[in-house]
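Subject: Structure handover

Hi,

Here is the structure for you to look over. Please open it alongside this note.

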Amino acid sequence: MSAPLILPREETWTDHDYVRRAAAQGPVVRDRHGIFITFSLAHMQRLVDPFLTRQMETETMAIQGLSSGPVYDLFANSMLFSNAPAHGKRRAPLARSFAVPLVNRLRGELQSLACELVEDHLGTGDIEFRDRIGGQLAARTIAMVLGVPRSDLPLITTLVYSAIRALSVRSPSVLAEAAKDLEALNAYVADLLQEHRSAGPKDFLADYLERTGETGLSALEIRMQIVTLLLAGSDTTRSALTSTMSQLMQKRSQWELLCADPKTHIKGAVSEGLRYDPVIGALIRVADKDLLFEGVAIPEGSLIGPLVVSALRDPEVYSTPETFDITRTDHPRWHPVFGAGEHRCLGEALARAELEEALTALCRIAPGTELTGPPPKLRGLGATRTVGEMPCRLIG
Ligand code: HEM
């Protein structure tokens, strides 16, 4: 059986409207780009099995006509875009870096950073939340972990958010700008690593360099995993905080519940914010052989996109999945927004800690916060979704 092609998308549909209609056509459907998309959590988990599929490597570079340069180097050397055996070698030195006990040691600093960001904008009138609070929190956290000096934070933050644009298909002019900033970020990371190789402090990077000692990784690979951390840890957390806060502002009773007792509800609020309108659209993979999946023939080499957006509203997993409820108790042990299988997110514990500290600071310092414009739109069913700006006022 071949997979049905779905209807063209109407302008007024949200991604969730579109996905609901697509799912009604069958368990495996081809989207307008020809990607085989699936909807359930069980299918998402099965389709990341390396026995069936592999991670995209430099295929998108070939489509964009790139075979060298900073963007190509990132795709060719990052753990995120590789498969065994290179993937394991690149991931191993960082695999335990963000384990829960280590992240808990950073709690104090995260708490101070979150409070500082909220206090700086308290009562200052209209602000744009996504970049002023979410973006700063995410980029400054990962830069703090890497030991970037405070004076360099504005530069690094700007470079990171510009360079991230190189990870998705863009116009040639945007891609050129992103590539230039990615090159500057590479050079910065190279200097940072050099300082640690010579006489740097015994910190995260020193530990990382020590672990890479026996792996046989090239200097480029060693550097690209750190660039990957800066990119993978910034946009995702910025968007997740914005999406969660947007839902809480729109569902005022849920916000009031959280503010009344943040200690009790904070973990639930974070998990639900990550679920309801997630920042990840799909896990994109390539069929490693001819597959017959749910009766649908998927030829080797086809792109497959198990939709995270819909797995997170799978009625087999979540009761009343269309309801935003910070008290729900049916989140799976492994939150699907962080992926599945060998590439499952390395930064989950850090991201959760950032979100918990930011929301707690907002509840305690600015419980009267309100939106001052339309809520941001989350768009896209690719790997990462884009999140619009969120005008609001932080009020005590
Ligand atoms: C809410 C925030 C975040 C979300 C939703 C998220 C989600 C994800 C997902 C879905 C993947 C797997 C991609 C795939 O299978 O193709 C991933 C991988 C990754 N994430 Fe995150 N992430 C978040 C925050 C972070 C943070 C804070 C860091 C860094 C400190 C980080 C570092 C990474 C790395 C290094 C990988 C690649 C792992 C590998 O390829 O083996 N992420 N993330």
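Below are the findings, by topic.

This is a predicted model, in which local features need pLDDT of at least 70 and side-chain atom pairs count only at pLDDT 80 or more, while totals for chains, interfaces and linings use all residues. Residues are numbered from 1 along each chain as its sequence is written, and side-chain values use heavy atoms, with hydrogens and water left out.

**Overall fold**

The protein chain has 17 helices and twelve strands. Both are DSSP runs numbered from the N terminus: helices are H or I with at least four residues, strands are E with at least two. Along the principal axes, the C-alpha atoms fill a box of roughly 60 × 55 × 40 Å. The radius of gyration of the protein chain is 21 Å, which agrees with the value near 21 Å for a compact globule of 396 residues. That radius is taken over C-alpha atoms, and the globule rule is 2.2 Å times the number of residues to the power 0.38. Buried residues make up 53% of the 396 residues. Buried means under 20% relative accessible area, exposed over 50%, and partly exposed in between, with a 1.4 Å probe and protein chains only.

**Ligand site**

Which protein atom is a donor to the iron atom of the ligand? The only one is SG of Cys 345, at 2.3 Å. Donors here are N, O and S atoms within 2.8 Å of the metal (3.2 Å for Na, K and Ca); water is not among the atoms, so sites may look incomplete. Cys 345 sits in the loop between α16 (308–311) and α17.

There are 28 residues around the ligand, and His 87, Arg 91, Arg 285, His 343 and Cys 345 come nearest. A residue counts as near if one of its heavy atoms lies within 4 Å of the molecule. The shell divides into 17 nonpolar, eight polar and three charged residues.

Arg 91 has an N or O side-chain atom 2.7 Å from one. For Arg 285, the distance is 2.8 Å. For a polar side-chain atom of His 343, it is 2.7 Å. The elements that give two or more residues to the shell are α5 (86–91), α12 (219–232), α13 (235–250) and α17 (348–365). The largest share, three residues, comes from α13. A polar contact is a pair of N or O atoms within 3.5 Å; within protein, one must be able to donate a hydrogen and the other to accept it, and residues adjacent in sequence count only if both atoms are side-chain atoms.

**Cysteines**

A disulfide is a covalent bond between the sulfur atoms of two cysteines. The search used a cut-off of 2.5 Å between the sulfur atoms. Over the whole structure it finds zero disulfides. Cys 259 is in none, and its nearest cysteine sulfur, that of Cys 363, is 3.4 Å away. Cys 259 is partly exposed, at 21% relative accessibility. Cys 392 is buried, at 1%. Its sulfur is 13 Å from the closest cysteine sulfur, in Cys 259, which is too far for a bond.

**Backbone details**

Most residues other than glycine have a negative phi, and most peptide bonds are trans. Some places here are worth a look in the viewer. A cis peptide bond joins Ala 84 and Pro 85, with omega about 0°. Pro 85 lies in the loop between α4 (70–77) and α5. Glu 294, not a glycine, has a positive phi of about 50°. Glu 294 is in the loop between β6 (291–293) and β7, and is partly exposed at 37%. Thr 320 also has a positive phi, near 35°. Thr 320 lies in the loop between α16 and α17 and is exposed, at 55%.

**Contacts within the protein**

Thr 53 is in strand β3 (residues 53–55) and is buried at 3%. A polar atom of the Thr 53 side chain lies 2.6 Å from the backbone oxygen of Leu 47. Ser 302, in the loop between β7 (296–298) and β8 (303–306), is buried at 11%. A polar atom of the Ser 302 side chain lies 2.6 Å from the backbone oxygen of Pro 299.

Best wishes

How values were computed
Ala, Val, Leu, Ile, Met, Phe, Trp, Tyr, Cys and Pro count as nonpolar, Asp, Glu, Lys and Arg as charged, and the others, Gly among them, as polar.
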